[in-house]
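Q: I have a new structure open. Can you walk me through it?
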Amino acid sequence: MQPLRGSLRLPAPRRLLISQDSDCRYCIGMNEAMLIQRAGFTPEQIAAAKGDPAEAPLPEKDKALLLAALKATRAPKSVSTEELDALRTLG
């Protein structure tokens with residue numbers, strides 16, 4: 001896994017996957033291009049993350065936050081205090 005540069009580490013994958021949920025073709029394309037051109041993702045890594053967000057090539061801490069953000073976006077009332085505490089424990 002190639003480390004992501006700067007501020008793209010988590011926001012771009014999060015925006016991509018949330019855009020996919022709302023089927024915003026422009027946002028999907030923009031974030032895919034950003035991840036490929038500026039963050040070093042491969043098209044295969046993006047396809048894998050879009051198929052299963054747990055496959056996003058991120059450090060475990062960032063992946064946990066990504067999955068929690070997707071859950072909160074999809075079903076806000078389903079996020080438990082325990083899940084938030086687990087994220088806090090990760091830092």
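Q: Which helices each supply at least two residues of the lining of the largest cavity?
A: α1 (11–22) and α3 (43–51) do. Helices here are DSSP runs (H or I, at least four residues; strands would be E, at least two), numbered from the N terminus. The model is predicted, so to speak of local features takes pLDDT of at least 70 and side-chain atom pairs need pLDDT 80 or more, while totals for chains, interfaces and linings use all residues. Residues are numbered from 1 along each chain as its sequence is written, and side-chain values use heavy atoms, without hydrogens and water.

Q: What counts as a cavity?
A: On a 1 Å grid over the protein atoms alone, a cavity is a set of points where a 1.4 Å probe fits but cannot get out. Lining residues have an atom within 4 Å of a point.

Q: How many cavities of 30 Å³ or more are there?
A: The count is 1. Volume means the space filled by probe spheres set on the points, with grid points joined across faces, edges and corners.

Q: Which residues line the largest cavity?
A: P13, L16, L17, L35, F41, I46, A49, A56 and L66. α1 gives the largest share, 3 residues.

Q: What classes are those lining residues?
A: The lining has 9 nonpolar, no polar and no charged residues. Nonpolar covers Ala, Val, Leu, Ile, Met, Phe, Trp, Tyr, Cys and Pro; charged covers Asp, Glu, Lys and Arg; the others, Gly among them, are polar.

Q: Switching to packing. At what angle do α1 and α2 cross?
A: Roughly 155°, and the axes come within 8 Å. α2 is residues 25–37. Axes are lines fitted to C-alpha atoms, for helices over the stretch in contact, and angles run from 0 to 180 degrees between N-to-C directions.

Q: Parallel or antiparallel, then?
A: α1 and α2 are roughly antiparallel. The cut-offs: under 35 degrees is roughly parallel, over 145 roughly antiparallel, 65 to 115 roughly perpendicular, and the rest oblique.

Q: Which residues make that contact?
A: From α1: A12, P13, R15, L16, S19 and Q20. From α2: C27, I28, N31, E32, M34 and L35. Contact means heavy atoms within 4.5 Å. By class, the contact of α1 with α2 has 7 nonpolar, 3 polar and 2 charged residues.

Q: What about the loop between α1 and α2, which residue sits there?
A: D23 is in that loop. Phi of D23 is near 55°, a positive value in a residue other than glycine. Most residues other than glycine have a negative phi.

Q: And how do α1 and α4 cross?
A: Their axes come within 10 Å and cross at roughly 30°. That makes α1 roughly parallel to α4, which is residues 60–74. The contact is made by P13, R14, L17, I18 and D21 of α1 and L66, A69, L70, T73 and R74 of α4. The classes there are 6 nonpolar, 1 polar and 3 charged.

Q: Last pair. At what angle do α2 and α3 cross?
A: Roughly 135°, with axes within 10 Å. That makes α2 oblique to α3. I28, E32, L35 and I36 of α2 meet P43, I46 and K50 of α3.

Notes
On a 1 Å grid over the protein atoms alone, a cavity is a set of points where a 1.4 Å probe fits but cannot get out, and a pocket is an open set with protein on both sides within 12 Å along at least five of seven lines; lining residues have an atom within 4 Å of a point.
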